[in-house]
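Hello,

Here is the structure I promised to pass on. Please open it first, and then read my notes below alongside it.

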Amino acid sequence: MFNSGTVVKVLISNIPNGGYDYRLTAPADIGTFVSVRVMNRPCVGVVWGIGDSNLPDEKIRDVSAVHDAKLNITDLQWIKRMADWTLIPAGMVLRLIINIPDAFLPPRMEALYSFNFDSDTRMTQNRLAVMDAFSSNDNDPMTVSDIQNIAHVSAAVVRTMIKNGTLIPAGEQVKTKQYEPRIYQDSGDIVLNSEQQNAADVIGRAIDNGVFSVHLLDGITGSGKTQVYFDAAWRAYKKGKSVLLMMPEIALTAQFMSRFESRFGAPPVVWHSNLTAARRRDIWHGVLSGKIKMVVGTRSALFLPWGDLGLIVIDEEHDTSYKQEDMGNYHARDMAILRAKIAGFPVVLASATPAAETIENVNVGKYTRLKLTSRFGGAQMPTITTIDLRENRPTPYTANDAEQTGFLSTPMCDAISKTLATGQQVMLFINRRGFAPIVQCKKCGWTATCPDCSVGMTYHKRVGKLLCHMCGRTAPLTKACPECGTDVSMRGVGLEKIQEEVNARFPNARTALVSSDIITSRQALERLVHKMENGEIDIVIGTQILAKGHHFPNLTLVGVVDADMGLFGTDFRAAEHTFQQLFQVAGRAGRGSTPGRVLMQTYQPDHPVLTAICSGARDEFMAGDMAGRRAAKMPPYGQLIAIIVEGEREATLMKYCNDLAAAAPTLNGAKIMGPIAAQIYQIRNWYRMRFLVAGGATAALQPAVAHWLGKVKQPANIRVKIDVNPINFM
């Protein structure tokens, strides 16, 4: 404990350095939250240690306030270790924890509005999004800025809803909710089978012993992994520990939440980006005080100020959504394991298709594998076969009084017809949003591209616009080529195009689309789930959001429109990611009493990924894929660090990259490659270049990279992003 008047080093949120010295105005311990001023701006930080600047007393400022809250020593160690590994400055890591505006200030006075659920105003897409925003926050009153940010609507939409009475005034002060502890009870309704019970017992012993360990819950789709880690969560909760259940996307919790509440009698607290500022603040303080013990959340939930974590569960641990690429590059799965190792508690990784890195850690004895080999409740795995498009080319169909190019083969259409005839449901998977990914003039070759990014714009028929999937810019669809005046054509296929074909071929079938730009909230997904469960949808067509975690008992046919998509990418993980995605999609079929069937359309039926999925040879496929990586010294048998340099001016960017290249050191057991233009050279009018540092699995690359970059002065209008073991090579 430091006395009042002691000069301490304060690590400051959002300041990219090792901290500044301040004088305490009250006693404080290492890890205590304090308010300070930096360049006359109020900031929040934590006491990091004893001051070491050796500045004269008159130049050291007092802290503004010492707060009655602190981080554990293990949290500070975690911040330091994470910063060392990811090369994110420690202050920026702290920003991930203190991610609540005005965390220690009284709530601001702002006008609040409630949603008028009795309003008879017609519900447009925007108004439905606003309603979902309120529902996702338990219908608490919201500020205008919260409504806009969560519902992704304009100020004009909000003003109109206020004017027509759909939004009604609800006072002015953002009230802070004092979370009372939620009391959970295990219903005891779930009886685990022998494999599940064995896995639960192993994890339970680790929880009881309070030691660090990592357990891979390796179970086929539908094997009941959720109930096993529910058992683990209950064990940790009974010991008075906090529990974090991480999920790759909050939309996955639609069915999960009802399962949780059914078993434990009360819902967990849900943490994600679509919460009001007031609710995020309430949950943050509830976790800090220990009043909130069970949280389901996305990767950012890892950075809540946990006081006494006793278990982290990472569901779908292989999912690339756990990799953060905006506010610093880190992998939430790896950082969760690091946090557990420092603090000394177990981690559960759950997946039907574990990541190569996880499999290697099992192989070398770092992780324990717990296998679930049969579907829970006696359901059978679906049969999986390919449709060779070289022999079964899709036939044309008629839509809008014109012949259209088809994308569904005759065997696929026959299977859909038979499934619908028996009153069962169909899922068609294509991992491409919109209607047509290419809008082009066949005469002169002009292509609709984003003026801010070096990518083409996709036509979305549902909204009647072109959309850039990189920056979100929209543009009207031009029917005549701006270069030569010839009519433009639309090439390629997206899920909207497949819906048009399905509606033409099966006019009596009820269809629904599912993609990230259509299903924008948990409530929207819940509506779709209810419709599927109630038999109101016959054919659901969607992107990878369909591949994850959903349980539809009457869904017996899954059709993959283009199984070749993703097989031939430049990323060395392309085969692994395609296998995981297709295997997860296939796992949606036959989860009820009726056996399921999966059909994958392909021009490459003999590709190792597809033959492995059809034969169920997951382990053999991964062993072969990992042998290739071992030979090439790619992760997990080597390390990569990508350095992405971005600039608004090409000349400045090129000069800085050339200066970096000239200063590049010769590394022992590693090499520096580049600079080269990034695969997507321009994003939001910033030009991009890349370096890649490759080394052995035990090479100490981070200190060398930090020293190298520190030798060259970075211009003010240049951004440098460091990505350790990247999964995105764009």
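Predicted model: local features only at pLDDT ≥ 70, side-chain atom pairs only at ≥ 80, totals over all residues.

Is Asn329 buried or exposed? Its relative accessibility is 8%, and buried means under 20%, so Asn329 counts as buried. Leaving aside residues up to four places away in sequence, Asn329 touches Thr86, Ile88, Lys323, Gln324, Lys721, Ile722 and Asp723. With Asp723 there is also a polar contact between the side chains, at 3.3 Å.

Next, have a look at the sheet. Six strands form an open sheet in the order β17-β29-β28-β20-β27-β26, and the pairing is parallel. The edges are taken by β17 (383-388) and β26 (511-514); each has a single partner strand, so one side of each is left without a neighbour in the sheet. From one strand to the next, the twist averages 20°. Inside this sheet, β28 (residues 555-560) and β29 (residues 597-602) pair in the parallel sense over four bridges. Which residue of β29 is the bridge partner of Leu557? That partner is Arg597.

Helix α16 packs on the sheet, where α16 touches β17 and β29. The direction of α16 makes about 145° with that of β17.

The axes of α15 (residues 574-586) and α16 (residues 608-615) come within 10 Å and cross at roughly 35°, and the crossing is right-handed. On the α15 side, the residues in contact are Ala575, Thr578, Phe579, Leu582 and Phe583; on the α16 side they are Val609, Leu610, Ala612 and Ile613. Sorted by class, this contact has eight nonpolar residues, one polar residue and no charged ones.

Finally, turn to helix α3 (residues 125-135). Its buried residues are Arg127, Ala129, Val130, Met131, Asp132, Ala133 and Phe134. What covers them? The cover includes the strands β6 (113-115) and β7 (167-169), together with the helices α4 (144-151), α5 (155-163) and α14 (522-533).

Enjoy exploring it!

Best wishes

How values were computed
Residues numbered from 1 in each chain as written. Heavy atoms only, no water. Axes fitted to C-alpha atoms, helices over the stretch in contact; angles between N-to-C directions. Helix = DSSP H or I, 4+ residues; strand = E, 2+ residues; numbered from the N terminus. Left-handed = near helix turned anticlockwise from the far one by under 90°. Contact = heavy atoms within 4.5 Å. Nonpolar A, V, L, I, M, F, W, Y, C, P; charged D, E, K, R; others polar. Pairing = 2+ DSSP bridges. Buried < 20%, exposed > 50% of the residue type's maximum accessible area, 1.4 Å probe, protein only. Polar contact = N/O pair within 3.5 Å; in protein donor to acceptor, adjacent residues only side chain to side chain.
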